[in-house]
Amino acid sequence: ITHLNTFAFTGGVKGGINYTIPQAKSGYEEHFSNDYGYTLGGFLSFNLIDKLFLNTELMLNSWQFKYDEEDYGEEIMIITEKANFNFIELTLALSYNFFDNFYFDLGIFLGIQAYFKSSFTDITGEYQNITIAKHNTTPSSGINISLGYKYNKFLLNIRYLFDVSPFLSGY
């Protein structure tokens, strides 16, 4: 029987800036533009064997981007909206220390939407701000790939989250 206390582990807080590149699954990719967001949370890393680790993270992840919404009422209008989706995400990844202080991670993530905020200027020119507790109940999920470099007590990390869920399919 293996006990949890036999594993060496570390933990802490992490945060950063992300760049969202939305990929709508309904054929409207040209209506989206990229934007910056943020990531805040904590992590635990368990040393499994020599250079192999199991990383767990609980993060608040902000996905921000702009998109054009078309209205074909009496007049054809295009309204540009700025969307801010905030998810609470759990990540599980295997991390391998492949060369001195360099790490490669591969894992999965699952996110539950915390809230949605949309900002736009309506047809009258008035700026609107809408906050909704839940815009879409579809969870975010996918694959996490990252490269990291440990410098002193900091881990500098470049990460790619490939979302495979239908979370943006309504756009």
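Below are my entries, one topic at a time.

**Ground rules.** I'm working with a predicted model, where local features need pLDDT of at least 70 and side-chain atom pairs count only at pLDDT 80 or more, while totals for chains, interfaces and linings use all residues. Residues are numbered from 1 along each chain as its sequence is written, and side-chain values use heavy atoms, with hydrogens and water left out.

**Confidence.** I looked up pLDDT, the predictor's confidence in each residue, from 0 to 100. The protein chain has a mean of 79, and 75% of its residues reach 70 or more. Residues 1-5 fall below 50, and beyond near neighbours in sequence this stretch has 2 contacts in the model (a contact means heavy atoms within 4.5 Å). Strands here are DSSP runs of E, at least two residues long, numbered from the N terminus. I found the lowest confidence in strand β6 (residues 127-132), with a mean of 75, and the highest in β7, at 90.

**Core.** Which residues make up the largest nonpolar core? I got 8: Trp63, Phe65, Tyr67, Ala83, Phe85, Phe87, Phe109 and Phe116. Buried means under 20% relative accessible area, exposed over 50%, and partly exposed in between (1.4 Å probe, protein chains only).

**Rings.** Rings of Phe, Tyr and Trp (its six-membered ring) pair if their centres lie within 6.5 Å; planes under 30 degrees apart are stacked, over 60 edge-to-face, the rest tilted. I count 8 aromatic pairs by this rule. Phe98 and Phe102 have ring centres 6.2 Å apart and planes at 40°, so I noted the pair as tilted. Phe98 is partly exposed at 41%, and Phe102 is also partly exposed, at 34%. Phe98, Phe99, Phe102 and Tyr149 form one aromatic cluster.

I followed Tyr149 and found it opposite Leu156 in β8. β7 (residues 140-151) and β8 (residues 154-163) pair in the antiparallel sense over 10 bridges; pairing takes at least two DSSP bridges between strands. The two form a hairpin with 2 residues between them.

Most residues other than glycine have a negative phi. Asn152, in the loop between β7 and β8, has a positive one near 55° and is exposed at 60%. Asp100, in the loop between β4 and β5, also has a positive phi, near 35°, and is exposed at 57%.

How values were computed:
A nonpolar core is a set of buried Ala, Val, Leu, Ile, Met, Phe, Trp, Tyr and Cys residues joined through side-chain atoms within 4.5 Å. Helices (H or I, at least four residues) and strands (E, at least two) are DSSP runs, numbered from the N terminus.
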